[in-house]
Amino acid sequence: MTDGADGGAGAGLACISSALLAMSRHLEVRDVLKTIVVSARELLDAEYSALGVSDDHGGFAQFVVDGVSEEQWKAIGPLPRQHGILAAMLKDATPQRLADVRQDPRFEGWPSAHPDMSDFIGLPIADGEEVLGALFLANKRCPKPEGGCGFTESDEELLGILAQHAAIALTNARLYERSRELTITGERARLAHELHDAVSQKLFSLRLTAQAATALVDRDPVRAKEELHQVTLLAAEAADELRSAVVELRPAALDEDGLVATLRTQAQVLDRVHSARVTFSSQGVRALPAAQEEALLRVAQEALHNALRHAGAMNVGVSLTRHGQGARLRVTDDGSGFDPSAVRRAGRHLGLVSMRDRAGGVGGAMRVDSAPGSGTVIEMEVPGG
């Protein structure tokens with residue numbers, strides 16, 4: 001083997017090594033698919049690459065491309081069906097290397113907005129006998145031999161190595177997503193059990209107390225008033241039990257979309273369903289450890305709940321900004337406000353104690369600025385991970 005060949009092989013192995021490291025950093029299936037197509041295109045120096053995952057109904061559950069702009073992809077239209085070369089790759093599970101895909105008898109054309117392609121290489125991504133998907137590349141950036149394919153046998157070997165590891169990464173990502181689904185299902189089951197044990201008991205006591213108050217209204221109004229006061233307390237405790245159980249369930253959106261997108265979505269939803277104006281802004285926020293992001297989200301949710309349900313605010317603003325290596329959350333409202341010095345009373349009714357606990361639990365701090373009739377500002381800062 002010549003020095004040039006050694007250099008080419010070394011460069012190829014270095015690219016594969018980089019690709020494997022990139023794939024190992026991702027746990028979401030979509031991220032793994034994107035990393036595979038980007039890595040394959042760079043590895044073989046091709047203009048275009050794509051990866052299709054079958055939906056078992058003649059179409060693709062997912063189809064990821066690289067080398068095509070977002071505008072081009074939208075113009076191309078719906079995901080392709082499994083036909084021609086694509087179907088062959090998924091059903092026969094054999095590598096395909098063609099000098100001109102357009103001349104292949106299985107070629108059935110493509111949409112008018114589709115980029116023009118000639119030389120082509122495709123490999124299945126398989127886990128044992130199960131074909132998980134197929135990887136396609138087109139238009140090798142190199143001089144083509146007369147009537148020949150730009151992709152070489154060496155390219156096929158390198159792509160085969162990448163495809164084998166892509167199968168492992170894709171399988172791991174699928175297992176991760178499945179385990180997360182099972183975790184969420186288990187959390188929901190636990191939540192249902194806790195609600196049954198805690199809230200239903202409170203509601204049962206509330207019903208008995210209300211019945212007792214009804215029986216006492218005529219013959220002992222004073223005692224009836226006491227019982228009705230107890231009804232109020234039991235109802236408040238039931239509501240607290242419900243809220244504390246619900247907030248323990250980490251929302252899937254936080255894992256999937258991140259803190260900024262989750263807060264933005266929740267603000268938009270609250271803005272639509274409440275008469276108050278709810279806004280959200282963010283600037284320069286970096287990804288934080290999961291525990292810190294969850295704490296910030298929970299404090300924001302509690303502060304929003306207080307502003308919209310208790311303070312009668314007409315304007316509520318939520319902002320998340322970078323603070324050193326961490327982040328600062330700020331929730332402001334123009335509601336009725338309260339006296340922060342009455343810590344125990346305010347903590348019981350407004351959840352300030354649990355909010356401070358959440359902040360302290362992740363090494364952060366929380367400040368409250370409020371006064372009767374002057375609205376409320378709640379700030380929480382957390383350090384970086």
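In this predicted model, the axes of helix H8 (residues 259-273) and helix H9 (residues 290-310) come within 10 Å and cross at roughly 15°. Two packed helices are described in just these terms, by the angle between their axes and the distance between the axes. The angle makes H8 roughly parallel to H9, because angles under 35 degrees count as roughly parallel. The crossing of H8 and H9 is right-handed.

The expected span is 1.5 Å times one less than the number of residues. Which residues of H8 are buried? They are Leu259, Thr262, Leu263 and Ala267. Around the axis, these residues cover an arc of only 130°, which puts them on the same side of H8.

Glu294 lies in helix H9, and the C-alpha atoms of Glu294 and Leu259 are separated by 8.0 Å, although the two residues are 35 residues apart along the chain. Is Glu294 buried or exposed? With a relative accessibility of 19%, Glu294 counts as buried, because the term applies under 20%.

H2 has 16 residues and reaches 23 Å from its first C-alpha to its last, which is close to the 22 Å expected at 1.5 Å a residue. The buried residues of H2 are Val29, Val32, Leu33, Thr35, Ile36, Val37, Ser39, Ala40, Leu43 and Leu44. Among them is Leu33, whose C-alpha lies 9.1 Å from that of Val65, a residue 32 residues away in sequence. Val65 has its place in strand E2, and at 13% relative accessibility Val65 counts as buried.

The end of H2 leads to a feature of the backbone. H2 is followed by Asp45, which has its place in the loop between H2 and strand E1 (46-54). Most residues other than glycine have a negative phi. Asp45, however, has a positive phi of about 55° although it is not a glycine. With a relative accessibility of 34%, Asp45 counts as partly exposed. A positive phi is also found at Asn139, where the value is about 60°, and this residue is not a glycine either. Asn139 is found in strand E5, and at 9% relative accessibility Asn139 counts as buried.

How many aromatic pairs does the structure hold? The structure holds 4 aromatic pairs. In one of them, Phe63 and Phe136 are stacked, with 6.4 Å from centre to centre and 25° between the planes. Phe63 lies in strand E2 (residues 60-66) and Phe136 in strand E5 (residues 130-140), so the pair ties together parts that are 73 residues apart in sequence. Both Phe63 and Phe136 are buried. Another aromatic pair, formed by Phe107 and Trp110, is edge-to-face, with 4.8 Å from centre to centre and 75° between the planes. The names of the two arrangements follow from the angles, because planes under 30 degrees apart count as stacked and planes over 60 as edge-to-face. Phe107 counts as partly exposed at 25% relative accessibility, and Trp110 counts as partly exposed at 27%. The stacked residues Phe63 and Phe136 also belong to an aromatic cluster, which they form together with Trp73 and Phe120.

Glu129 has its place in the loop between strand E4 (120-127) and E5. What is the relative accessible area of Glu129? The value is 83%, and Glu129 is exposed. The C-alpha atoms of Glu129 and Ala93 are separated by 9.1 Å, while the two residues are 36 residues apart along the chain.

Definitions and conventions
Residues numbered from 1 in each chain as written. Predicted model: local features only at pLDDT ≥ 70, side-chain atom pairs only at ≥ 80, totals over all residues. Heavy atoms only, no water. Phe/Tyr/Trp six-rings, centres within 6.5 Å; stacked < 30°, edge-to-face > 60°. Helix = DSSP H or I, 4+ residues; strand = E, 2+ residues; numbered from the N terminus. Buried < 20%, exposed > 50% of the residue type's maximum accessible area, 1.4 Å probe, protein only. Arc of directions from axis to C-beta. Axes fitted to C-alpha atoms, helices over the stretch in contact; angles between N-to-C directions. Parallel < 35°, antiparallel > 145°, perpendicular 65-115°, else oblique. Left-handed = near helix turned anticlockwise from the far one by under 90°.
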